[in-house]
Amino acid sequence: MNLSSNQNDAIAAADDLRRRTLAQLPLALERLIYLASTRDYNTGLYHHQGLAQRYSDAAACEGLANCHRESFQELLSASLEELVRQLHAYAGSIGALSSNFVTAWKALEPYRVAVPVGTDPLAAEFVFSNLKVALTIFEHRLFQPLPAPRA
Amino acid sequence: MIALLFYIGAAVCLFFLMFALARPQRAPVEGIAHQFVEARSSLQTLQQGLLPADLLNRIFDRRDLDYIDGQAAPEIRRLFLSQRKAISLMWVRRVRSEILNLMHFHRSHSRFHTSISILTEMRLALDFAGLLFVCRILETIFSLRGPYAAPRLVQSVASAASRLCAASEKSLAFLNVPGVNAFRGDSTPGNAAV
């Protein structure tokens, strides 16, 4: 298979992924965690059986990696307010609107392993830092009801 | 007589000093390649990792602070400011460190590979020194007064660093092999795709 064919397959695989699987995940945070979970921590390669069958292992891997980078970029450019909203929606979507979620995320910091390979350390630290603050705000809100909206 | 001897001595010293400065320096071959790679890496880190306007706008965006102020929880504000201060310090320290790498490269090698006039070299030296100094000032301001204390200085550091990157890019331009970009992908490690 030649170079441009490989690249075209990777682009097609990424488009396919965006249209089917990622369309079900409206939040960048959800997509980041999902895409990071398709990566083998030992090899750094991404695996997706359906995509690999339709295209090839290499194209599926490249497509997943591209989408992973996109999700990270989205999260990087999200404001703190947006990040808090996403965190709240994510916890709600997995049925974890409780202090257990906050405790686990604060202790394990699962987002640290969700960063795409090759991300600049400053960008990674910035996202971690924002997530840490967002988590604190989320925790604060769990124990304090939101103020009633003004008329 | 003594004065004459003194002037002759001073002239001889000056001559040897100028001879030593003008003499072409030869760096070890293996060292040159390493320094070129380091300079290229610093340039990429600055251009792609530290200076993009989007990232800077996010890090120093006051809307985040306004949002935090709306939370009415002092401990959250403290946490936010300490986190953002750490990120700001990380940014300015890394910019300084990468600029220092570029300066070392310019000082030791670039003049032998590109035709830079003395005037341009002096201007570059002043720009490097000025930027490194301003980075130190910014670092102090971030440490003492927090990340939002000097937004204009942040912008001027970013602009000056971008200008120096553009100058360094010219010195490293001969490393750009035409056609390589067509082969360069964003592959993950071990992937078959280039």
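**Entry 1: Glu109(A)**

I looked up Glu109(A) in this predicted model and found it partly exposed, because 14 other C-beta atoms lie within 10 Å. The cut-offs I used are these: a residue is buried if 20 or more other C-beta atoms lie within 10 Å of its own, exposed if 12 or fewer, and partly exposed in between, with C-beta atoms placed from the backbone. Glu109(A) sits in the loop between helix H6 (99-108) and helix H7 (121-143) of chain A. Helices here are DSSP runs of H or I with at least four residues, strands are runs of E with at least two, and both are numbered from the N terminus. I noted that Glu109(A) has a positive phi of about 45°, although it is not a glycine. Most residues other than glycine have a negative phi.

**Entry 2: conventions**

I wrote down that residues are numbered from 1 along each chain as its sequence is written, and that chains are lettered from A and ligands numbered from 1 in the order in which they are written. The model is predicted, so local features need pLDDT of at least 70 and side-chain atom pairs count only at pLDDT 80 or more, while totals for chains, interfaces and linings use all residues.

**Entry 3: Phe101(A)**

Is Phe101(A) buried or exposed? Phe101(A) counts as buried, because it has 20 C-beta neighbours inside 10 Å. This residue lies in helix H6 of chain A. Not counting residues up to four places away in sequence, Phe101(A) touches Ala91(A) and Ala96(A). Two residues are in contact if their C-beta atoms, placed from the backbone, lie within 7 Å. I also checked Phe101(A) against Thr38(A): they are 63 residues apart along the chain, and their C-alpha atoms are separated by 22 Å.

**Entry 4: chain A as a whole**

I counted seven helices and zero strands in chain A. Along the sequence the pattern reads α-α-α-α-α-α-α. Taken along the principal axes, the C-alpha atoms of chain A fill a box of roughly 60 × 35 × 25 Å. Chain A has 151 residues, and 40% of them count as buried. Among the contacts in chain A with a separation of 6 or more, 78% are between residues 24 or more positions apart.

**Entry 5: H2(A) and H5(A)**

I looked at how helix H2 (residues 28-37) and helix H5 (residues 80-93) of chain A meet: their axes come within 8 Å and cross at roughly 60°. Axes are lines fitted to C-alpha atoms, for helices over the stretch in contact, and angles run from 0 to 180 degrees between N-to-C directions. H2(A) and H5(A) are therefore oblique to each other. For the term, angles under 35 degrees count as roughly parallel, over 145 as roughly antiparallel, 65 to 115 as roughly perpendicular and the rest as oblique. On the side of H2(A) I found Ala28(A), Leu29(A) and Glu30(A), which meet Gln86(A), Leu87(A), Tyr90(A) and Ser93(A) in H5(A). The residues of this contact divide into four nonpolar, two polar and one charged. Ala, Val, Leu, Ile, Met, Phe, Trp, Tyr, Cys and Pro count as nonpolar, Asp, Glu, Lys and Arg as charged, and the others, Gly among them, as polar.

**Entry 6: chain B as a whole**

Chain B has eight helices and zero strands. Of its 194 residues, 24% are buried. I looked up Asp54(B) in helix H3 of chain B; Asp54(B) counts as exposed, because it has 10 C-beta neighbours inside 10 Å.

**Entry 7: where the chains touch**

How many residues does each chain give to the contact? Chain B gives 32 residues and chain A gives 31 residues. On the side of chain B that touches chain A, the largest share, nine residues, comes from H5(B). The residues of that side divide into 18 nonpolar, eight polar and six charged.

**Entry 8: confidence**

The predictor gives the complex an ipTM of 0.86 and a pTM of 0.81. pLDDT is the predictor's confidence in each residue, from 0 to 100. Chain B has a mean pLDDT of 83, and 78% of its residues reach 70 or more. Over residues 182-186 of chain B, pLDDT stays under 50. Residues 188-194 of chain B are also below 50. Where pLDDT is low, the predicted coordinates should not be read in detail.
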